[in-house]
Amino acid sequence: MIAILGPKEKVTNFKLIGIDPFPCEPDEAPRVLEKILNNYQIILYTQEIHSALKPIIERVQKRALPCIALLPTLDEKITEARIKNLIKKATGTDLLAK
């Protein structure tokens, strides 16, 4: 299961592709993330709430699941290394290994 957190105008449409949206502003984002943390394997979030979630993300990164990742913006370039790391974290296997 996949979830996305962020401002309502940025996350609501993800429901159309099967991703559960959790609209929230920075002040409520930590509470929302803590609430859904054990219910999703992949949790995406937007840049607007990154600072608010940073302490929780640092704590959870040591666990295998969930994979928590920043949703890239249209201006951001996604590197092959970033995609490779996200897939490895989500699946536990380096599927892009050569």
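## Sheet

In this predicted model, 4 strands form an open sheet in the order β2-β1-β3-β4, with parallel pairing. Strands pair where DSSP finds at least two bridges between them; strands (E, at least two residues) and helices (H or I, at least four) are DSSP runs numbered from the N terminus. β2 (20-23) and β4 (67-70) are at the edges with a single partner strand each, so one side of each has no neighbour in the sheet. From one strand to the next, the twist averages 20 degrees.

β1 pairs with β2 over 4 bridges in the parallel sense, and L5 stands opposite F22 in β2. β1 also pairs with β3, again in the parallel sense and over 4 bridges; here A3 stands opposite I43 in β3. Strand β3 (residues 42-45) is joined to β4 by 4 bridges in the parallel sense, and the bridge partner of L44 in β4 is A69.

## Burial of the strands

Buried is taken as under 20% relative accessible area, exposed as over 50%, and partly exposed as in between, with a 1.4 Å probe and protein chains only. In β1, 4 of the 5 residues are buried. β4 is covered on both faces: C67 and A69 are buried on one side, I68 and L70 on the other.

## Helices

The axes of helix α2 (residues 29-36) and helix α3 (residues 50-60) come within 8 Å and cross at roughly 30 degrees. Axes are lines fitted to C-alpha atoms, for helices over the stretch in contact, and angles between N-to-C directions run from 0 to 180 degrees. α2 and α3 are therefore roughly parallel to each other (under 35 degrees; over 145 is roughly antiparallel, 65 to 115 roughly perpendicular, the rest oblique).

A29, P30, L33 and E34 of α2 meet A52, L53, I56 and R59 of α3, where contact means heavy atoms within 4.5 Å. By class, this contact has 6 nonpolar, no polar and 2 charged residues. Nonpolar covers Ala, Val, Leu, Ile, Met, Phe, Trp, Tyr, Cys and Pro; charged covers Asp, Glu, Lys and Arg; the others, including Gly, are polar.

## Nonpolar cores

A nonpolar core is a set of buried Ala, Val, Leu, Ile, Met, Phe, Trp, Tyr and Cys residues joined through side-chain atoms within 4.5 Å. The largest has 18 residues, of which L5, L33, I43, Y45 and I68 touch the most other members. β1, α2, β3, α3 and β4 are the elements that give two or more residues to this core. Another core, of 6 residues, lies apart from it and has I4, V11, I19 and L44 among its members.

With neighbours within four places in sequence left aside, I68 is in contact with L33, L37, I43, Y45, I57 and V60.

## The loop residue I49

I49 lies in the loop between β3 and α3 and counts as buried, at 0% relative accessibility. Leaving aside neighbours within four places in sequence, I49 is in contact with L5, G6, C24, E25, P26 and A29. I49 and E25 are 24 residues apart in sequence, with a C-alpha to C-alpha distance of 6.8 Å.

## Conventions

Residues are numbered from 1 along each chain as its sequence is written, and side-chain values use heavy atoms, leaving out hydrogens and water. As the model is predicted, local features need pLDDT of at least 70 and side-chain atom pairs count only at pLDDT 80 or more, while totals for chains, interfaces and linings use all residues.
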